[in-house]
Amino acid sequence: MEAGVVSMRVISGSAKGRRLKPVPGTGTRPTADKVKEAVFSMIGPYFDGGTVLDLFAGTGALGIESLSRGMEKGIFIDRDPVSVRVVRENLAATALSDRAEVYRNDAQKAVKLLARRRMLFDLVFLDPPYRMRDMDAMIERLREAGLLAPRATVVVEHDAAHEYPHRVAGLAAVRRSVYGDTAVTIYNLAEEMADADGEVEDEVDEDEAQIECEVEVKAEAEGEEAKVEAESKVDDEAEAETEAKVCVETKIDVMYGEEDRIPTARKKMDL
C-alpha cells in the first residue's frame with residue numbers, strides 16, 4: 001500500500017460515508033478502503049456488541065469501522081502523539097467518541113496496562129509499520145495477558161512478502177488474503193482453547209430414586225394398614241414393592257426419556 005495521504009471514509013454502519021482524516025506525513029500507512037471493506041466482509045460484516053482493540057491505531061480507521069458496524073466499545077492505542085490527535089478527531093467526526101478510549105502508549109506497555117484492568121477483547125487489529133514482523137509474538141502476549149475473549153478474532157495487516165505461522169498461542173489462521181503488497185492474516189481462537197459452551201447433563205441416582213419411591217409408597221401403605229385385615233398385610237407389602245418399582249421406572253423415564261433409560265455409570269462412559 002502506498003504511503004502518504006489516502007482518501008478514507010467509513011464504509012458501512014451508523015457512521016457510513018463519514019470522511020476520516022489521515023495522519024500528516026509519510027510515517028503512517030493507512031488501510032485502503034478496498035482492503036478495509038474486504039477485511040470486514042470476512043470477519044463481520046456487522047457485530048452485535050463486543051469490544052475492539054486497535055493496537056497500532058494510526059488514523060483509527062479500523063477501530064472506527066468496527067464501532068460503526070456494531071461493536072459496543074473501542075480502545076485505540078498509538079505511540080505517536082499526532083496519530084492520537086487524529087484518532088480523537090476522527091472519533092468526534094463520526095460521533096463515536098463516547099464509545100471509545102484513546103491512549104498514547106507503546107503497544108507492549110499498553111498490553112500490560114490493559115491486563116491490569118482485566119479487559120477482554122472480541123476483536124483485535126494489529127496493523128503496525130511493515131518493518132515490524134513480530135505480530136505472532138504480540139498475539140502471544142495478548143493471550144498470556146488474558147486479553148482475548150473466547151473465540152476472539154485477531155486481524156494482522158502486514159507486508160505480503162512475510163508469512164505468519166498457521167497457529168499462534170492457541171489461535172488458528174483461518175484466512176490469508178493478499179492485496180498488492182499488503183497481506184491480511186485473520187486468526188481465530190481455536191475451539192479447543194475457548195471456553196466451552198453448553199449445559200452439563202444432570203446425573204440420575206437410581207438408588208436415591210428407589211429409596212424415595214419406597215418412602216412414598218410405604219407412607220401410603222401405612223395409612224391403609226389400619227383398614228385391612230391382618231391376613232391381607234402380606235398382599236399389601238407385595239403391592240407396595242411393585243408400586244415402588246413402577247415409581248422408580250417412571251422417575252428414570254422422566255429424567256432420561258423412554259428410549260435412553262440406561263444406568264448412570266454407562267451414560268458417563270458413553271459421554
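Student: Which strand gives the most to the lining of the second largest pocket?

Tutor: This is a predicted model, where local features need pLDDT of at least 70, side-chain atom pairs count only at pLDDT 80 or more, and totals for chains, interfaces and linings use all residues. Residues are numbered from 1 along each chain as its sequence is written, and side-chain values use heavy atoms, without hydrogens and water. β6 (121-126), β7 (148-159) and β10 (182-189) each supply at least two lining residues. The top contributor, with 5 residues, is β7.

Student: Which residue in β5 is the bridge partner of Gly74?

Tutor: Strands here are DSSP E runs of at least two residues, helices H or I runs of at least four, numbered from the N terminus. Strands pair if DSSP finds at least two bridges between them. β4 (residues 73-78) and β5 (residues 100-104) pair in the parallel sense over 5 bridges. In β5, the partner of Gly74 is Ala100.

Student: How many of the 6 residues of β4 are buried?

Tutor: Buried means under 20% relative accessible area, exposed over 50%, partly exposed in between (1.4 Å probe, protein chains only). β4 also runs parallel to β3 (residues 51-54), joined by 4 bridges. β4 is mostly covered, and its buried count is 5.
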